[in-house]
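Take a look at the model before reading on.

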Amino acid sequence: MAVVVLLVASAMLVLVLQSRHDSSTEAKHRSIAVAETFAHSPGVHAALQTPDPSKVLQPLTEKARRATGVDFIVVMDTKGIRYTHPKPDRIGKRFVGTIEPSLAGRVYTESVHGPLGHEVQAVVPVRDPKGKIEALVSAGLKVKNVTNVVERQLPIIFGAGAAALALATGGTALVARRLRRQTHRLGPAEMTRMYEHHDAVLHAVREGVLIVGNDGQLMLANDEARRLLELPPDAEGRPISELTGLDPGMIKLLTSGRLATDEVHPAGERLLAVNQRPTDRHGGPEGTVATLRDSTELRALYGKAEIARERLKLLYDAGLRIGTTLDVVRTSEELAKVAVPRFADFVTVDLSDPVLRGEEPASTGTDMRRTAVHGIRDDHPLYELDRLIDFQPSTPQARGFGSGRSELVPDLADAPGWLAQDPDRTQLVVEYGIHSLIVVPLQARGVILGMANFWRSEKPEPFEEDDLSLAEELVARAAVSIDNARRYTREHTRAVALQRSLLPRALPEQSALDVAHRYLPALSGVSGDWFDVIPLPGSRVALVVGDVVGHGLHAAATMGRLRTAVHNFSTLDLPPDEILNHLDDLVGRIDQEEGAVASAGVVGATCLYAIYDPVSRRCAMARAGHPVPAMVHVDGSVSFPDLPAGPPLGLGGMPFETAELELPEGTQLVLYTDGLIEERTRDIDVGIELLRKALASHPDRPPEESCQAVLDELLPSRPRDDVALLIARTRAIPPDQVARWDVPSDPAAVADMRAAVTEKLDEWGLSEVAFAMELVISELITNSIRYGSAPVTVQLLRDRALTCEVADGSSTSPHLRYAATMDEGGRGLFLVAQMTERWGTRYTPGGKVIWAELALPKSDESVEGAG
């Protein structure tokens with residue numbers, strides 16, 4: 001019934017949506033047809049040429065509107081000024097809608113909120129006899145009139161759906177009722193479960209089951225009963241008395257129908273315990289059911305079960321005690337200790353030497369290092385711990401390493417291959433009393449890492465084949481743990497190397513900040529912490545600190561991608577909130593790309609992005625789920641600014657906010673990742689307070705010393721998470737290195753600005769670059785006056801380079817292009833690009849800034865002073 005309801009509801013929904021779509025399409029087609037028909041009507045061109053087109057066209061459009069059923073027909077000029085409208089007071093006003101496509105000669109339809117309300121309208125061009133567009137015609141309908149058509153169809157649709165639902169529901173109820181009666185009110189799941197239990201009882205149990213009818217015929221025998229009684233394949237359906245091979249006492253019991261409890265009857269070489277009960281006590285058919293158990297096998301298995309129990313206990317203990325750490329040596333020692341003395345008297349573990357360094361093992365049994373030795377006594381003559389051993393090809397260790405198969409040596413005194421390894425030492429081993437050996441390769445994921453050797457001395461009996469299988473089970477568990485430890489060592493080493501290669505190796509030169517940094521990977525595995533210092537135009541500097549969720553190579557690689565993206569986005573010179581928006585989109589795309597990979601987890605990251613301007617001494621910051629930075633003021637106090645808390649990167653849907661702070665010269669900004677303040681043994685508020693204590697009362701301390709003091713105060717001896725720390729002390733550009741002018745919106749002002757700039761450059765001793773700067777200033781100011789809007793300002797900044805910034809109130813950005821031979825313009829920006837080191841545009845809340853940088857003359861000594 002639920003499926004029927006869903007299908008009918010879906011059909012009704014489809015009909016409603018189709019009806020709405022058809023009505024909307026019809027409305028658009030009618031609007032286009034009416035508009036095109038009126039636009040091409042005779043007399044329209046002539047009416048447009050009259051002094052008062054509205055007087056002629058208004059009656060015509062109203063008559064056509066009533067005849068065609070549309071809500072309005074509007075004739076307008078090419079600027080969108082109406083000649084006609086159903087509401088006469090709208091004549092002479094600007095048309096509400098888009099006319100640019102129609103001015104280009106196309107028919108354009110759209111939905112707008114116009115004078116009549118929500119409208120669907122079409123706009124078509126009116127051409128004169130020469131083909132030139134001289135006016136536009138728009139026709140359309142109100143949306144509510146379109147939807148009224150759909151609403152009139154809804155009763156019919158819902159009526160038909162209700163009838164279909166009632167009919168289908170009634171039929172379903174009748175069929176379900178009949179099926180319930182036939183199955184004794186058991187549902188499909190209950191019937192299936194009943195038959196599954198029937199099969200499990202008859203064929204999966206380890207007891208024989210016989211069902212005998214009231215007439216003495218065998219009705220059913222399960223697999224175990226056939227095996228125990230050795231019944232022929234056609235036994236079912238035959239009388240019990242006709243089955244050959246059964247003991248007469250067994251036949252008499254099965255045909256008697258009497259009760260029996262644990263009666264023992266022979267069946268060939270077996271003794272069977274038989275239980276028999278009637279089947280008609282619970283309403284079933286008359287007959288009996290008998291169960292058979294092989295008591296002979298039970299007695300034989302009792303002793304083996306005790307041995308198996310001890311071995312299972314050993315394997316259980318091995319699962320708990322082996323592999324507790326990701327350390328190759330420690331795991332080898334755990335294997336040796338768990339097997340002594342319950343399985344062997346001495347255990348030694350030899351690993352390929354490269355395995356201890358996290359590398360792939362060697363291909364031969366040479367260069368094997370004894371990693372673990374444990375036994376019931378310490379005075380054994382076996383090779384000592386940490387010895388590098390080259391096993392001879394004839395030894396069980398070399399053969400097992402080469403073949404990947406275990407080796408059993410029952411009698412070491414009669415094993416010439418093993419004796420040839422080191423005759424003097426092997427003779428001592430035999431004389432010591434060690435007489436039997438099992439060698440098992442430590443193999444995981446198809447790679448042999450080394451060999452485990454089990455030695456027996458106290459027990460007189462040698463190792464057997466059953467002991468070999470137990471040794472292989474023990475070693476198999478240890479091999480996986482050793483390989484995990486090896487792979488972890490390798491991954492950790494690679495991840496640390498990768499992350500250090502992705503982080504900045506040297507900070508760029510800049511004049512705005514005195515910066516120091518620290519990065520410390522966690523001892524248990526690296527993550528995706530990173531930091532960056534990015535110089536921006538106008539002597540500004542961007543500070544970045546981020547943290548990628550997760551650990552290992554994946555997190556480090558993702559960090560590298562995000563750091564590269566931050567550099568690319570920074571070249572666009574965007575505000576911090578827009579940078580974070582771009583990063584949020586990027587992380588979302590990474591999640592989508594890696595969603596198809598089962599082993600790839602969801603990527604998440606936090607980030608703090610700050611831009612400091614040494615001219616205005618203002619710092620703009622935005623954060624995405626990242627801890628708030630600390631600020632060390634010039635009086636030594638420490639505060640944590642109240643920055644808007646944005647969501648972590650990758651969640652999407654939430655905007656980021658930028659906060660601006662004015663920082664006096666000498667203020668220290670402390671940016672860090674959560675690994676600095678978060679620790680399992682303390683609350684995060686405690687970490688914040690410790691950071692405040694480490695920074696307070698030291699306003700003049702260099703950033704390098706502050707970094708070390710913070711790490712000494714907050715980090716434990718074995719940090720569990722990566723830590724990135726960035727401390728920057730602010731500087732300010734002296735006022736005498738900055739010049740600023742307001743420029744009138746008059747092309748004649750360009751000459752005055754050239755003279756003012758030249759005078760300022762002469763004052764700074766930069767006359768050598770005056771000619772180039774005049775060309776740049778002329779081009780940039782001319783563009784702002786011609787294509788931009790007021791106010792226009794010019795700023796010169798003398799730092800490591802000479803920077804010219806021209807700001808205006810327009811957001812239109814110029815683009816560099818190659819001008820054709822006959823073009824009158826387009827060469828100015830090309831000259832700017834050739835004359836300067838670099839140039840670009842950044843947008844501000846009030847417009848844009850076009851900047852250009854010129855290199856200072858090498859002889860100018862002011863560069864070092866600015867630095």
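The notes below go from cavities and pocket to sheet, strand and residue.

This is a predicted model: local features need pLDDT of at least 70, side-chain atom pairs count only at pLDDT 80 or more, and totals for chains, interfaces and linings use all residues. Residues are numbered from 1 along each chain as its sequence is written, and side-chain values use heavy atoms, with hydrogens and water left out.

**Cavities**

- A cavity is a set of points on a 1 Å grid over the protein atoms alone where a 1.4 Å probe fits but cannot get out; lining residues have an atom within 4 Å of a point.
- Grid points are joined across faces, edges and corners, and a volume is the space filled by probe spheres set on the points.
- Two cavities of 30 Å³ or more are counted.
- The largest cavity has a volume of about 130 Å³. It is lined by 13 residues, and Tyr383, Trp418, Gln421, Thr426 and Trp455 are the closest to its centre.
- Helix α13 (residues 423-432) gives the largest share of that lining, three residues. Helices (H or I, at least four residues) and strands (E, at least two) are DSSP runs, numbered from the N terminus.
- By class, the lining of the largest cavity has seven nonpolar, three polar and three charged residues. Ala, Val, Leu, Ile, Met, Phe, Trp, Tyr, Cys and Pro count as nonpolar, Asp, Glu, Lys and Arg as charged, and the others, Gly among them, as polar.
- The second largest cavity has a volume of about 40 Å³. Its lining includes Phe72, Arg82, His85 and Glu119.
- β1 (72-76) and β3 (117-127) each supply at least two residues of the lining of the second largest cavity.

**Largest pocket**

- A pocket is an open set of grid points with protein on both sides within 12 Å along at least five of seven lines.
- The largest pocket has a volume of about 940 Å³. Of its 34 lining residues, Asp613, Arg842, Thr844, Pro845 and Val849 are the closest to the centre.
- Elements giving two or more residues to this lining include α16 (576-594), β30 (838-844) and β31 (847-855).
- The lining of the largest pocket has 14 nonpolar, nine polar and 11 charged residues.

**Five-stranded sheet**

- An open sheet of five strands has the order β6-β5-β9-β8-β7, with antiparallel pairing. Two strands pair if DSSP finds at least two bridges between them.
- β6 (218-221) and β7 (260-267) stand at the edges with a single partner strand each, so one side of each has no neighbour in the sheet.
- β7 and β8 (residues 270-278) pair over six bridges. His265 has Leu272 in β8 as its bridge partner.
- Helix α8 (residues 248-256) lies across β5 (208-213), β7, β8 and β9 (287-294), at about 10 degrees to β8. Axes are lines fitted to C-alpha atoms, for helices over the stretch in contact, and angles run from 0 to 180 degrees between N-to-C directions.

**Buried strand β26**

- Eight of the eight residues of β26 (residues 723-730) are buried. Buried means under 20% relative accessible area (1.4 Å probe, protein chains only).
- Val723, Leu725, Ile727 and Arg729 point one way from β26, and Ala724, Leu726, Ala728 and Thr730 the other way.
- β16 (residues 513-520) pairs antiparallel with β26 over eight bridges. Ala516 stands opposite Ile727.
- β25 (residues 668-672) pairs antiparallel with β26 over five bridges. Tyr672 stands opposite Leu725.

**Ser332**

- Ser332 sits in helix α10 (residues 328-339). Ser332 counts as buried because its relative accessibility is 0%.
- Not counting residues up to four places away in sequence, Ser332 touches Val349, Leu351, Thr371, Ala372 and Ile482. Contact means heavy atoms within 4.5 Å.

Key. Buried < 20%, exposed > 50% of the residue type's maximum accessible area, 1.4 Å probe, protein only.
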